[in-house]
Number of protein chains: 6
Amino acid sequence: MVYLTRVERFNAAHKLWVDDWSEEENFGMFGKCANKNWHGHNYKLEVTVAGEPDPITGFIVDAKLLSEIIREFVIEELDHKNLNLDVPFIKKPMQPTTENLVVCIWKLLEDKIPSGKLFKLKLIETENIFVEYWGE
Amino acid sequence: MVYLTRVERFNAAHKLWVDDWSEEENFGMFGKCANKNWHGHNYKLEVTVAGEPDPITGFIVDAKLLSEIIREFVIEELDHKNLNLDVPFIKKPMQPTTENLVVCIWKLLEDKIPSGKLFKLKLIETENIFVEYWGE
Amino acid sequence: MVYLTRVERFNAAHKLWVDDWSEEENFGMFGKCANKNWHGHNYKLEVTVAGEPDPITGFIVDAKLLSEIIREFVIEELDHKNLNLDVPFIKKPMQPTTENLVVCIWKLLEDKIPSGKLFKLKLIETENIFVEYWGE
Amino acid sequence: MVYLTRVERFNAAHKLWVDDWSEEENFGMFGKCANKNWHGHNYKLEVTVAGEPDPITGFIVDAKLLSEIIREFVIEELDHKNLNLDVPFIKKPMQPTTENLVVCIWKLLEDKIPSGKLFKLKLIETENIFVEYWGE
Amino acid sequence: MVYLTRVERFNAAHKLWVDDWSEEENFGMFGKCANKNWHGHNYKLEVTVAGEPDPITGFIVDAKLLSEIIREFVIEELDHKNLNLDVPFIKKPMQPTTENLVVCIWKLLEDKIPSGKLFKLKLIETENIFVEYWGE
Amino acid sequence: MVYLTRVERFNAAHKLWVDDWSEEENFGMFGKCANKNWHGHNYKLEVTVAGEPDPITGFIVDAKLLSEIIREFVIEELDHKNLNLDVPFIKKPMQPTTENLVVCIWKLLEDKIPSGKLFKLKLIETENIFVEYWGE
């Protein structure tokens, strides 16, 4: 079993805000991330697929095809978007945190991997914060 | 003359949109950057100060003090903000492009450098795009 | 289960030296790391917490609070310090290697994580050497 | 159990090409990687060794010795080489993909680790593609 | 005057070899870079354009258009190619060194910049070696 | 004129301390950098040489030879050393700041460049602080 990772990127706006809470409660929990007019990030997404190298091509999965699939099903939905307003699979009351987002991306990709099996996602929000998810 | 650079970071939302243009013209010029609900970036700012090292301290400028000044006058204004809506010195019809932003930041910092002289700014928007400005 | 990582940094001096050994034995084993007047590194520490995203906040753990805890209990103890002389939890005959240090940091943080569970530490000494520890 | 990683680098040329296939089939599968006159990469190799820190030295494995072993048995064979033509352990019909290469490197290193046990290899081909292998 | 830089990448094979010299002389001068079956690199190219931000768009040059131009006139010619064999503008006796390559790329781009003026190229061959060129 | 840069690295300990000042004055000016038992950094040094590519070799300067020279005259003096105690060319009352260090390194290298001319040094102390020097 070898594990191949393909990296893609998207830039998006978001804010963290619980409608049922007061402004004070929101800023208490989320700090500057609660600013009402949004802020944003350059996100980096690492998609890892597990499989055995094909005896002829030496590929677990065609990395170019994998890139196209990630772009079609994930990047197209998220790039230059507002994660609170524009993304059909992020619906209130779910917050667009990196933790929730990585689980959503797993569902988008899980059954789209053309060969091998989706093994892990890593979603990097800033150079100081990232999340990882193994599907369960 | 030695040149010392201090790096700071901020995360912000923005969009590029000319009010006098049609939606078609805006998307024609700005592409996905015109998406109405904003997108965002992790910006990195490099501030370079020129000076002669002090014979006693060996400092051109105290890098910790320089950091505090950049944070007070620049990062505080831009971090977790919407560059189109929240920033007093970015006013329509000026677009919040990286080019315009770097010139605005120069004006904020120019007369705040405690020793030495502001020499250069570099503002990095993504790993593929950055701008530089020497003040003229 | 989602895994969130927060990155912090510290700069420290150290040397590797076994008191019971001759100078020759020390340099034979540790090379330049045995230089008596110390050398130093920019260390980078990645702290990974495992948990389920809170249904309301979307957080496994508040990354800002996690950062404050790492700074209070780890960075405060190590930053701008001499790992052989200044750090109460690194005592002779324990060498201040990255391997030993990562185990010490685990003990400092293990019961301080406010939600979720400490899952992994990664301690990066140079761009060519890093260690990882899962607590056992 | 602590895990220490040492990073080394090599630069090599390769192409992907199945002799039994037509030019059209090769370009259909491998795209530009099938260009007959080769292309190349700066590869980065991360070698992770698992072990318990020695109670005297604090080392799982001497990182300097580990570096020398990786250089002797791996880098020497691959650096400034053509992976299709120059490398004795990459023989047709095996393609010099990153997936196949990482398995070959495992075999080279598996019984050469002076203390601790080879735990994982990571081979980075570009900033967008890397593979990982745990030996099975 | 503001300076905007766009980064693009290509992967290529090359070797350094003077036909008029003996094998010994070639290896004496070029070391492993003279290996007859080629080696290769992941090259990174930074293209800097100088100009004044347009008062309406805030652009010196449309970075997306700049990217397309760099890809059409430079990357298309160099990516997944052999710099000694496949590139029409690198002809013997010119060696495909990074120094010579950056001057060639300048000539390709000089009169293709749609607004502003080509100011500088930076070509990064490895994480330890890069060249810069200002056109003269 | 093309400019070639070679990158080298060293790890060192230092502290900032003016003997004529009280402890309070020293900590007031230098903060944690005044800690008496030292701290340290992974320094990165970029050496830029200007010249015209040789018509036969395509080299401004042989990068491998340049690397050996930097290692012999600079890295050997600084790597795994204490900048306050071990380095003959850093003598009290000169503080071992990055600013002073870069000027010292210029003097070491200025007349050792085998072809071309020393153009610039960049010395990176942390990912947030670096200095540059053009020799005057």
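Biologist: How many salt bridges does the rule find across the interface of chain A and chain B?

Modeller: In this predicted model, one example pairs the side chains of Lys32(A) and Asp79(B), with 2.4 Å from N to O. The cut-off for such a pair is 4 Å, so the contact of Lys32(A) with Asp79(B) qualifies. Across the interface of chain A and chain B, the number of salt bridges found is four.

Biologist: Which element gives the largest share of the side of chain A that touches chain B?

Modeller: The rule finds 17 residue pairs in polar contact across this interface, both residues being at pLDDT 80 or more. The elements of chain A that give two or more residues to the side touching chain B are β1 (2-14), β2 (39-51), β3 (81-82) and β4 (117-126). By class, that side of chain A divides into five nonpolar, ten polar and eight charged residues. The largest share, five residues, comes from β2(A).

Biologist: What area is buried between chain A and chain B?

Modeller: The contact joins 23 residues of chain A to 23 residues of chain B. In chain A, the residues that lose the most area to chain B are Asn37(A), Asn42(A) and His80(A), which together make up 31% of what that side buries. Carbon and sulfur atoms give 45% of the buried area between chain A and chain B, and the area itself is about 1,800 Å².

Biologist: How many salt bridges does the rule find across the interface of chain E and chain F?

Modeller: This contact takes 21 residues from chain E and 19 residues from chain F, and the area buried between the two chains is about 1,700 Å², with 59% given by carbon and sulfur atoms. Glu99(E), Asn128(E) and Phe130(E) lose the most area on the side of chain E, together 36% of what that side buries. There are six residue pairs in polar contact across the interface, both residues at pLDDT 80 or more, whereas the number of salt bridges found is zero.

Biologist: In β1(F), which residue is the bridge partner of Tyr133(E)?

Modeller: On the side of chain E that touches chain F, at least two residues each come from α1 (23-30), α3 (98-109) and β5 (129-133), and β5(E) supplies the largest share, five residues. Five bridges join β5(E) to strand β1 (residues 2-14) of chain F, and the two strands run antiparallel. Within β1(F), the bridge partner of Tyr133(E) is Val2(F).

Biologist: Is Ala12(F) buried or exposed?

Modeller: Ala12(F) is found in strand β1 of chain F. Leaving aside neighbours within four places in sequence, the residues in contact with Ala12(F) include His39(C) and Gly40(C) from chain C, and Tyr43(F), Leu78(F) and Leu83(F) from chain F. The relative accessible area of Ala12(F) is 0%, and the cut-off for burial is under 20%, so Ala12(F) counts as buried.

Biologist: How far apart are the C-alpha atoms of Ala12(F) and Asp54(F)?

Modeller: Along the chain, Ala12(F) and Asp54(F) are 42 residues apart. In the predicted model, the separation of their C-alpha atoms is 37 Å.

Biologist: How far apart are the nearest C-alpha atoms of chain B and chain C?

Modeller: No contact joins chain A and chain E, whose closest C-alpha atoms lie 14 Å apart. Chain B and chain C do not touch either, and the distance between their nearest C-alpha atoms is 14 Å.

Methods
Residues are numbered from 1 along each chain as its sequence is written. Chains are lettered from A and ligands numbered from 1 in the order in which they are written. This is a predicted model: local features need pLDDT of at least 70, side-chain atom pairs count only at pLDDT 80 or more; totals for chains, interfaces and linings use all residues. Side-chain values use heavy atoms; hydrogens and water are left out. Contact means heavy atoms within 4.5 Å. Buried area is the accessible area (1.4 Å probe) that two parts lose on being put together, summed over both. A polar contact is a pair of N or O atoms within 3.5 Å; within protein, one must be able to donate a hydrogen and the other to accept it, and residues adjacent in sequence count only if both atoms are side-chain atoms. Helices (H or I, at least four residues) and strands (E, at least two) are DSSP runs, numbered from the N terminus. Two strands pair if DSSP finds at least two bridges between them. Ala, Val, Leu, Ile, Met, Phe, Trp, Tyr, Cys and Pro count as nonpolar, Asp, Glu, Lys and Arg as charged, and the others, Gly among them, as polar. Buried means under 20% relative accessible area, exposed over 50%, partly exposed in between (1.4 Å probe, protein chains only).
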